[in-house]
Amino acid sequence: EDDEESKVCHAKWITHQIQICTGYSKEKKGKKRYVLPVLWLSIQWLLPMRMPIVSRMNFKHTREGYRFSWTMMLHSAVSMHSPGLTFMTLRPKCGGKYFPNPAAAQNSVLDVQSFPYEVLLAQNCARCAVVAQLFPRQLPKLASAVHSLVSPMCKGDDSTDTLSVTASYFSSANKGPFFRTIDPTVDLMQVYNSHMALPLPAKFWKGLIDKPPSSKDEFILRNIGGASKHIPEHGFMEQLNGGGMIPDATAKDSSNKNLILVDRSACLKVDPIRIHAVNSYIMLAKSPSPLKFRGCEDINLSECKEISLPVGKVQTVPAIRTLLISWDERYDSNNFTCSESTEEDIIIEIKRI
C-alpha cells in the first residue's frame, strides 16, 4: 500500500490537500468549496509559464516575465563590474544637450553626462538599485523620477518640452559577459507617459505580459546573447596570452576578472561605451571595422585625444578621466537603427591593470 501511495500523481495529491484544507468530501459536493483553491493553484501554474513566451525565450537577458517565475532565484543580473566600469546610466537631455552630472566634478569614476540616480534610489529603499537592475521594465518609472528633478533646472522657456531621458545600459547575467540590453535612442519618459495614458485594464494587461504600451515604445533590445557562442570560456586575452604578456588574465577576484562587453554597431554609433579613470588593457576582439578611442581629461569632454583601435589588437590605456569607445565614422556600417538591429557584432574585452 505504501508503494501505491507513493505513486499518487501530482494532481491527486493537490486534490487531497484541497480536501483537507477546505473540508471538502463526497458528502459535501454541493458546496463547491474547492473552486477558489483550484483557481489559486491554477494561477500559480499558469502565470509563470508566460515568461518564455513573452520574452521569446530570451528571459535570461531581458528578464521579461521574471517577476513571477519558476526561475526567480536562479539568475543574477548586474550592471557594475567595478568602480569606473559601470554600465547603467540615465542621460537627461535639456533642449538636445546632455544635462551635466552635478557630482562628476567630485568623483572621477562618475559619468559626466548622466544623472546620479543611485542616490535617488538609496533614499527610497535599500533594494531599489537591485530591483532596477533585475527588472528593466521599471526604467521608465525611474526616468520619470529623474525627469521631475531635472526639469526645474533646465534653462529656457521651452526646454522642458524637449527634456528627454535615455539609458545606456549593459547587463551581465549570471556573471557572464555584459550585453547591451536597452535601446539608447528611446526616450524613457515618453514610454512612461504612454503607459500612464493607458486605461486601467490595458495597464493591467501590459503588466501581465510585461510589455510596453505599444511597439513604438519598446526599449528592450531583441536577440540578446547571440554573441555568446563566439566568446571563449576564458576570454580572448587568455588565448592571446601564450607568452604571459598580460598577467592574471583569468583572476578569480571579480574586480580583477576580465570584463567582456557585447554591443551592436548600430547602437554604438549613437551611444559610445564610457570608461572612467581605469588603468586597463583593452582588446577589440570582434567588430566589422576598427573603433575610435577618445580620451578626455576634462569634465566638458573638450580636451580629448583620439586613436583608432583595429580588431585583434590589445591597447594599454591609462586612467583617463573619460574614455569613449565609439564607432569610427570613416567606415561604413549597416543602415539599421539600434532598435532594428538583431546582430551583436562588437565584442570588447577589458582587463584592469
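The largest cavity holds about 60 Å³ of space, a volume being what is filled by probe spheres set on grid points joined across faces, edges and corners. A cavity here is a set of points on a 1 Å grid over the protein atoms alone where a 1.4 Å probe fits but cannot get out, and lining residues have an atom within 4 Å of a point. This is a predicted model, so to speak for local features pLDDT must be at least 70 and for side-chain atom pairs 80 or more, while totals for chains, interfaces and linings use all residues. Residues are numbered from 1 along each chain as its sequence is written, and side-chain values use heavy atoms, with hydrogens and water left out.

Who sits around that space? The lining is made of Thr86, Phe87, Thr89, Arg91, Asp111, Ser168, Phe170, Ile273, Arg274 and His276. Strand 4 (88-94), strand 6 (164-173) and strand 9 (273-275) are the elements giving two or more residues to it; strands are DSSP runs of E, at least two residues, and helices of H or I, at least four, numbered from the N terminus.

Now for a helix pair. The axes of helix 8 (residues 139-150) and helix 9 (residues 188-196) come within 8 Å and cross at roughly 105°, with axes fitted to C-alpha atoms over the stretch in contact and angles running from 0 to 180 degrees between N-to-C directions. That makes the helix 8 axis roughly perpendicular to helix 9, the label for 65 to 115 degrees.

Technical notes. On a 1 Å grid over the protein atoms alone, a cavity is a set of points where a 1.4 Å probe fits but cannot get out, and a pocket is an open set with protein on both sides within 12 Å along at least five of seven lines; lining residues have an atom within 4 Å of a point. Angles under 35 degrees count as roughly parallel, over 145 as roughly antiparallel, 65 to 115 as roughly perpendicular and the rest as oblique.
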